[in-house]
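Q: I would like a close look at one part of this model. Please take it step by step and stay with what the coordinates show.

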Amino acid sequence: MAEQAGANRSDHRVRILNAATEAFLENGYEITSTAEIAKRAKVSKRELYTYFQDKRDILAAVITELQADIQSQANARWSSDGDVREVLVKAGTELLRFINSERFGKLFRIVAAESFHDPVSARKFYLLGPAMGRKDTAAFLKRHMVAGTLRTADPLQAADDFLDMLVSSRYLTAVVLGQMRSFPKPQVHVEHAVELFLTYYGVKQPRRKAKGNRTDGGMDTSAS
């Protein structure tokens, strides 16, 4: 009986969050009321307030859910032991596709607009998104530095360099203003960023000696 009650509470909370996300994205945060959210979720306002204190509390939960979604995808990439270039390209492409999504763009605009009134939600958005992504990227790069596939450096600085090339201020501005047509496709943009990153942080592999050629300045005797 207790398990059933717990399942119902979880289901109702999920429905409220889904309804709130839809309403926020369709109408904006300011216009959306808790009554509208409750109606969409098919719960009473009284029940809604058993889960959330107010509309800002709902927005904070929506942010948490959204960031947890992208974080779970990113974790799968950053935990990979594959080729550093391949992992950076795949992880970077997924991140840009997420940032380019209509859902993220609208929610980003809502958080930016509300940051003056609700700095707590804005900070949560930052900590669960950019800050967490920076930390996970640094951990991945550090593993490759230890393994010798990247040159030794400050992992957090390296993460900042990579993410800054990937998601620049100009890129985010274009996302917010809906002007992504001026940028190449995510895959092309990511590959360019990875190439620049590895030019600086990559470890150059020693050249192979050509068979039969001498490297000490002496004569090549392979043909004799």
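Is H144 buried or exposed, and what is its relative accessible area? Please go on from there to the helices around α5.

A: This is a predicted model. H144 is buried, because its relative accessible area is 10%, and the cut-off for buried is under 20%. The residue lies in helix α7, which spans residues 119-147. Set aside its neighbours within four places in sequence, and H144 is in contact with G82, V84, T149 and L150.

V84 leads on to helix α5, which covers residues 84-100. V194 lies in helix α10. V194 counts as buried, because its relative accessibility is 1%. Beyond its neighbours within four places in sequence, V194 is in contact with R85, L88, V89 and F162.

Now the helix pairs. Two packed helices are described by the angle between their axes and the distance between the axes.

Take α5 with α10 first. Helix α10 runs over residues 186-201. The two axes come within 9 Å and cross at roughly 135°. That angle makes α5 oblique to α10. The crossing is right-handed. On the α5 side, the contact uses R85, L88, V89, G92, T93, L96 and N100. On the α10 side, it uses P186, Q187, H189, V190, E191, V194, E195, F197 and L198. Sorted by class, this contact holds eight nonpolar, five polar and three charged residues.

Next, α5 with α8. Helix α8 covers residues 155-166. Here the axes come within 11 Å, with a crossing angle of roughly 50°. The two helices are therefore oblique to each other. This crossing, too, is right-handed. From α5 come L88, G92, L95 and L96. From α8 come F162, L163 and L166. By class, the α5 and α8 contact has six nonpolar residues, one polar residue and no charged ones.

Elsewhere in the chain, helix α2 gives another view of burial. α2 spans residues 34-41, and T34, I37, A38 and A41 are buried there. Viewed down the helix axis, these buried residues fall within an arc of 95°, so they line one face of α2. Just after the helix, K42 takes a positive phi of about 60°.

Last, the wider setting. The protein chain has ten helices and zero strands. From the N terminus on, the order is α-α-α-α-α-α-α-α-α-α. Buried residues account for 35% of the 224 residues. Count contacts between residues at least 6 apart in sequence: 67% of them join residues at least 24 apart.

Definitions and conventions: Residues are numbered from 1 along each chain as its sequence is written. This is a predicted model: local features need pLDDT of at least 70, side-chain atom pairs count only at pLDDT 80 or more; totals for chains, interfaces and linings use all residues. Side-chain values use heavy atoms; hydrogens and water are left out. Axes are lines fitted to C-alpha atoms, for helices over the stretch in contact, and angles run from 0 to 180 degrees between N-to-C directions. Helices (H or I, at least four residues) and strands (E, at least two) are DSSP runs, numbered from the N terminus. Angles under 35 degrees count as roughly parallel, over 145 as roughly antiparallel, 65 to 115 as roughly perpendicular and the rest as oblique. A crossing is left-handed if the near helix is turned anticlockwise from the far one by less than a right angle, and right-handed if clockwise. Contact means heavy atoms within 4.5 Å. Ala, Val, Leu, Ile, Met, Phe, Trp, Tyr, Cys and Pro count as nonpolar, Asp, Glu, Lys and Arg as charged, and the others, Gly among them, as polar. Buried means under 20% relative accessible area, exposed over 50%, partly exposed in between (1.4 Å probe, protein chains only). The arc is that of the directions from the helix axis to the C-beta atoms.
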